Amino acid sequence: MAPKFAFIILAAVLPLVATQQIGTGTPEVNPSLPTWKCTTSGGCVQQDTSVVLDWGSHSIHEVNSSTSCTTGNGVNPTLCPNEATCSQNCVIEGVNYTSSGVTTSGDSMTLHQYVQNNGVTSNASPRVYLLGSNGDYEMLQLLGQELRFDVDVSTLVCGENGALYLSQMDASGGRTQYNPGGANYGSGYCDAQCPVQTWINGTLNTDSQGYCCNEMDIWEANANATALTPHPCENDTCDKSGCGFNPYAMGDQKYYGNGDTVNTLEPITVITQFYTSDNTTTGTLSEIRRLYIQNGQIIQNAVSSSGIDSITASWCSSSDSVAASLGGLTTMGEALGRGMVLVFSIWNDPGQFMSWLDSGSSGPCSSTAGNPANIESQTPGTHVTFSNIRWGDIGSTFSAGGGSGSSSSSSSSKATSTKTTTSSSRSVSTSHLTTTSSKSSTTISKSATSTTSSFGATQTHWGQCGGTGYTGPTVCASPYACKFSNQWYSQCL
């Protein structure tokens with residue numbers, strides 16, 4: 001499920017109106033967040049990407065006045081009697097990212113649930129989108145590809161959700177002559193929960209319509225539970241629950257958590273792979289697989305009590321009738337092939353206390369632990385950090401290949417010999433892998449940018465060369481030098 005934000009619902013039914021000129025009071029400065037696009041043949045190439053806060057975080061007010069273009073009941077009818085007049089009367093301003101709970105450093109971004117100003121704590125709950133260098137959203141086409149990122153959830157308590165997911169938003173954010181800001185100002189959000197928002201693609205939602213689109217929840221998590229969930233849609237009908245994979249809910253209650261197989265007290269590398277039936281980037285999505293890396297070890301996904309360790313097309317449709325009626329993984333794969341926007345958020349849930357994610361059969365948290373009032377009073381510093389975001393060919397975003405093997409395997413692998421593994425739905429080359437007993441290790445360099453990264457004395461350009469828990473090469477190949485990024489990550493640059 002995507003985060004729910006409190007937007008103003010319009011009581012009156014008016015013609016669609018839009019804003020706005022670009023304001024000059026507060027410039028919009030999108031924080032840089034470098035990412036990498038990878039191929040098995042050419043390694044990983046850094047992308048000139050940045051992030052933008054959602055449209056609703058920006059101030060929209062009258063030109064040369066602080067009067068808001070919206071009121072407690074919706075749009076200001078005097079300033080916005082029609083689309084053209086509204087765009088003349090109203091401007092949208094930039095936003096202070098730090099005071100909105102967003103900080104970046106190198107390729108790392110931290111989202112804070114709460115921020116303090118002059119001793120006063122406020123709920124920031126930021127939601128941001130990945131921007132390309134052209135001012136439009138970066139459209140990730142992940143069919144037959146994989147997405148990798150590092151994440152630190154160690155401070156995310158029960159009831160928190162540090163999310164990274166994909167939404168089939170318009171690349172421009174609905175940019176028009178009346179909405180020149182578009183994606184640069186975070187316009188155009190939609191998801192499978194069909195949120196009713198004041199603005200749709202920069203145009204006022206005067207008849208309270210929900211804005212639905214395909215959503216692929218790559219990562220919804222705190223330190224106690226995690227879920228991987230596709231939400232396919234057809235027109236305005238979406239699979240809001242989804243055929244998700246939550247290790248705790250699937251029967252392995254010691255797989256993910258504090259000190260568990262995937263230890264949430266330490267940073268985690270998360271790899272999500274989207275296999276097609278014919279192993280191409282244009283085929284039919286047949287399986288969504290998950291791998292983790294910690295302390296140089298590849299950790300295969302949890303195995304459910306029924307023997308499932310991935311989301312397959314057949315399992316999704318048989319376990320979720322709504323997904324089946326909407327085309328299941330086929331529909332989700334078509335959206336992935338067209339391109340989707342990468343979304344990051346942190347949020348909590350005053351309605352359900354996030355119990356669907358981490359309480360009852362879904363996780364170890366009590367039914368009341370996720371009360372936002374308790375979180376704010378007891379752990380206001382809760383936050384999530386995402387870094388080292390890479391996407392591309394399966395096996396190209398980390399040095400030990402695609403983590404292939406039979407879909408029922410729960411073992412890790414150790415670097416000893418080279419082989420190619422073929423299963424019924426895929427054939428993926430893996431570097432130096434031999435299957436060993438369950439939960440054995442694979443020695444890897446987790447940030448190397450090419451499948452030919454060395455395990456020897458030197459690290460290649462863009463590869464990792466230091467950080468807490470890192471055991472790979474610390475000397476960079478000439479002429480590169482090991483540059484500190486944060487406690488967990490240094491890189492050959």
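Here are legends for a set of close-up views of this predicted model.

**Ground rules.** Numbering starts from 1 along each chain as its sequence is written, and side-chain values use heavy atoms, with hydrogens and water left out. As this is a predicted model, local features need pLDDT of at least 70 and side-chain atom pairs count only at pLDDT 80 or more, while totals for chains, interfaces and linings use all residues.

**View 1. The whole chain, for orientation.** The chain comes to six helices and 39 strands (DSSP runs numbered from the N terminus: helices are H or I with at least four residues, strands are E with at least two). Of its 493 residues, 57% are buried (under 20% relative accessible area with a 1.4 Å probe, protein chains only; exposed is over 50%, partly exposed in between). Mean pLDDT, the predictor's confidence in each residue from 0 to 100, is 83, and 77% of the residues reach 70 or more.

View 2. Over residues 4-19, pLDDT stays under 50, and the model has 61 contacts beyond four places in sequence for them (a contact being heavy atoms within 4.5 Å). Residues 401-457 also stay under 50, with 166 such contacts.

**View 3. The largest nonpolar core.** A nonpolar core is a set of buried Ala, Val, Leu, Ile, Met, Phe, Trp, Tyr and Cys residues joined through side-chain atoms within 4.5 Å. The largest one has 76 residues, and Trp 219 and Phe 344 touch the most other members. Strand 29 (residues 340-348) gives this core its largest share, seven residues. Apart from it lies another core of 12 residues, including Ile 60 and Cys 86.

**View 4. Cys 158 and Cys 365, a disulfide between distant parts of the chain.** The sulfur atoms of this pair are 2.0 Å apart; a disulfide here is a pair of cysteine sulfur atoms within 2.5 Å. The two cysteines are 207 residues apart: Cys 158 sits in the loop between strand 15 (145-152) and strand 16 (160-167), and Cys 365 in the loop between helix 5 (355-358) and helix 6 (372-378). The link is left-handed, at -80° about the S-S bond. Cys 158 counts as buried because its relative accessibility is 16%, and Cys 365 does so at 7%.

**View 5. Two right-handed disulfides.** Cys 38 and Cys 44 are joined with S to S 2.0 Å, and their link is right-handed at 105°. Cys 233 and Cys 238 are joined at 2.1 Å, right-handed with 110° about the S-S bond. Cys 38 and Cys 44 are both buried, and so are Cys 233 and Cys 238.
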